[in-house]
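Welcome! Let us walk through a protein model together, starting with one residue and then looking at the whole chain.

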Amino acid sequence: MPEYKAPLRDMQFVLNEVLDFEKHYAQLPGAEDATPDMVSAIMEEAAKFAENVIAPLNEVGDREGCRWQDGVVSTPTGFKDAYQQFIEGGWQGLAHSTEFGGQGLPVSMYNVVYEMLASSNHAWAMYAALTNGAITTIEAHASDELKQAYLPNLVAGNWSGTMCLTEAHCGSDLGLLRTKAEANSDGSYRISGSKIFISAGDHDLTDNIVHIVLARLPGAPEGVKGISLFVVPKFKVNADGSVGASNQVSCGSIEHKMGIHGNATCVINFDGAEGYLISPPHKGMSCMFTFINESRLSVAQQGQEASFQTALAYAKDRVQMRGTVRKDPTKAADPIIVHADVRRMLLTQKSLAEGGRLLNYFCAQQVDISHSSDNAEQRQQAETLLALLIPIAKGFLSELSLEATSNGVQVLGGHGFISEWGQEQHYRDTRITAIYEGTNSIQGLDLLGRKILASDGKVMAPFVELVQSFCRDNSGHALAQTLQQALEQWLALTDKIGEKAATNPDEVNAAAYDYLMYSGYVVLAYFWARSSVSAEQALQGNSDEASFYQAKQATAQFYFERLLPRTDSLEKTILSGANNLMDLEEAAFNF
Ligand SMILES: Cc1cc2nc3c(=O)[nH]c(=O)nc-3n(C[C@H](O)[C@H](O)[C@H](O)COP(=O)(O)OP(=O)(O)OC[C@H]3O[C@@H](n4cnc5c(N)ncnc54)[C@H](O)[C@@H]3O)c2cc1C
C-alpha cells in the first residue's frame, strides 16, 4: 500500500508563491514568530509526524474500529501512543494563546498542519480538530475563571473537546433541540438530555473530555433563539485544576458506521451533569458558530490528497493495453497513465486537491486577519469573505471529494474496490464530509438564502472586487479573460434566482445545492488562475523547476477547460425552476 507523503512542495507554492504568506505574517500583529524558516521547520516536523506516526495507523483504525464495553470506549491499537506523541510535541497548542501554554502562532499555521493530519489519518485527526474547536470557543466566549480552569489542559492536549449539538430528533434543525439546563444555586447548571453522533465523544486518549453543549434554559423562546451554550466536563475539575469526580456524563453507545471507524461516534447522556454557561442566555447559536466555522473549514481539507497519491503511483506502475504512442516496446503493455481517460480521472483529483488547498489556505489567511488585524476595516472585510467562502469551501470541496475519491477507486479498477490499496477506505471515510458540520444542502441554503439573498448580494462584494482586480491586472492572460466572463455569469445568475425567489419561495431551496456547486467552480477558477499566473512569473525568472510550474499551468488549463464548464449545465438546471421538483404529489413518488 503506498504511503502518504506530505505534498510539501505544493504547500510551499501555495503559501509563498501564490498567497504570499511571508508578507501576510509580517503584517499580522502577533505573528512575529511565523518567519519563513519557522514555517518551513514546522511543516517538515508535521510532515514527519503525519507520515511516520499516524499514517501507519490509518488502516489499523479502519479495521479495528473503536470499542465500547461496559460504558468505556477504547480507540484502536496505536492511537493512544500517537496521541501521546502529539501532546509531547506541543502540537495541540500550536495556534493557541501563550497565556494558556500555547505557542501563539497564527491559526493558518494550524490549518496547514491539520491538512497533513487529516490526509494521513482522517479518523485520528478528528480528535485533535474537535479539541481545537473547543479551545477556540472557550477562549472566545467563556469567563476568565472558566478559561483558567479548562484551557491550560486543553491547550496542552491532556484533555480533549467535543461539540454536542445533534439529538435523535434534530440534526439540521437545531431549533428543535430539547436538552435542558437548570440553574444551581452556585452559578453552575444541571444539564440533562441525550446527544447523538458526537465525534470523539468518549475515548481513552486523554484524562478528561470537555463537551461544548447546546441546551435550553427554563422559559427559553422556541427555536434557535432559545438555545444557550455550556461547557460540561466528563469529570469535574478541582479547584487546583486537577481532574475530579465523575460528572453524570456517560457514553450510551457508539455507532457502527460506513467510515472513520477509528473515531468514536457516541451517544452522550447528560443526567443532571454540572455545566457552565458560556454564551449570553439564549444566544448560544451565534457563539457556537465560532466552533462550527472552524470545523467547516477543517472538513474541507479532509480526504483527497492521499487518494490521489495512491492513484497516481498505481497509474504509473500498472500496465494495461497500448497507448496511442507506444511507450515501452519491451513491455507487453503501457502504464495506464498514458490513456486519456485515466488522465481525466487523475487530473480531476489533482486539480481538486491542489485547488482546494489554495481556497483553504486563503480562508485560513482571512481567519488570521479576522482574529488579529489591528485594522477594523480589514477585519470586517475578512469576516465578509469568510461568510461567503466557508460554505463554499465546506460544501463544494467535500462534495467533490466524493468524486475525487471515487476516481481514486476507479483508477485502480478492481484493485480499488478491494481493501488492499486503501482506496475504498478513503472513499468511505470521505463520505461523511458531505454530511457532518451541516449537510451540503444546508451549506447551499446558508450560502444562497442566509448570506447572499438576505444581504442583497452585499456579502459577495469583497470577493467580487478581488476577482475583478485580478482580472484587470492580468487582462492579457487568457484564463483571466475566461474568469471575468464566469464571474459576470455568476452574478447574473444570482440576480435571476433572486427575481424568481421573489415570486416563489421554493426557488431558493430548489436552487441552493446547484448554486453552491456553481459558486464553487467559479471560486476555484479564481484560485487556479492565480496559480497559473504565479507559475508563469516563476517561469519567466528562468526557474530551474520548470516542469513543476508547467504542471501548474497545465492543471489550471485542465480545470478551466474540463471542470469550469460544468457551470453551464448547472445554470440550466437552476433556471429550470422549482416546479419540476415541487409539482409531483407526495403520494405519486410511489408510482
Ligand atoms: C459520523 C458522524 C459524526 C458526527 N459528528 C457530530 C458531532 O461531533 N457533533 C454533533 O453535534 N453532530 C455530529 N454529527 C451529526 C451531523 O452533523 C448530522 O448528522 C447532520 O447535521 C445532519 O443531521 P441529521 O442526520 O439529523 O439529518 P436531517 O437533519 O434529518 O436531514 C436529513 C436530510 O434532509 C435534508 N434536509 C433537512 N432539512 C432540509 C432543508 N431545510 N432543506 C433541504 N434539505 C434539508 C438534509 O440535507 C439531509 O439530506 C455527526 C454525524 C455523523 C454521522
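In which helix does Asp 514 lie? Asp 514 belongs to helix α18, which covers residues 506-540. Helices here are DSSP runs of H or I with at least four residues, strands are runs of E with at least two, and both are numbered from the N terminus.

Before going further, please keep in mind that this is a predicted model: local features need pLDDT of at least 70, side-chain atom pairs count only at pLDDT 80 or more, and totals for chains, interfaces and linings use all residues. Residues are numbered from 1 along each chain as its sequence is written, and side-chain values use heavy atoms, with hydrogens and water left out.

**The whole chain**

The protein's secondary structure comes to 21 helices and eleven strands. Its radius of gyration is 24 Å, close to the 25 Å that the globule rule gives for 591 residues, so the protein is as compact as a globular protein of that length. That radius is taken over C-alpha atoms, and the rule is 2.2 Å times the number of residues to the power 0.38. Along the principal axes, the C-alpha atoms fill a box of roughly 80 × 60 × 60 Å.

Of the 591 residues, 57% count as buried. Buried means under 20% relative accessible area, exposed means over 50%, and partly exposed lies in between (1.4 Å probe, protein chains only). Contacts, meaning heavy atoms within 4.5 Å, also tell us about the fold. Among the contacts with a separation of 6 or more, 73% are between residues 24 or more positions apart.

**A helix inside**

How many of the 20 residues of α7 are buried? The number is 17, so α7 is largely enclosed by the rest of the structure. Helix α7 takes in residues 122-141, and at 1.5 Å a residue it should span 28 Å; its end C-alpha atoms are 28 Å apart, which agrees. The expected span is 1.5 Å times one less than the number of residues.

| Residue | Relative accessibility | Class |
|---|---|---|
| Asn 440 | 3% | buried |
| Asp 514 | 16% | buried |
| Glu 437 | 17% | buried |
| Gln 553 | 21% | partly exposed |
| Asp 70 | 75% | exposed |

Asn 440 lies in helix α15 (residues 440-453). Leaving aside neighbours within four places in sequence, Asn 440 is in contact with several residues, including Lys 394, Ser 398, Thr 433 and Leu 516. Glu 437 sits in the loop between α14 (423-431) and α15. The phi of Glu 437 is near 60 degrees, a positive value in a residue other than glycine.

Asp 70 also has a positive phi, near 50 degrees, and is not a glycine either. Its place is the loop between β1 (67-69) and β2 (72-74).

Asp 514 and Leu 359 are 155 residues apart along the chain, with their C-alpha atoms separated by 19 Å.

Gln 553 is part of helix α19 (residues 546-563). Not counting residues up to four places away in sequence, Gln 553 touches Ser 532, Ala 535, Glu 536 and Leu 539.
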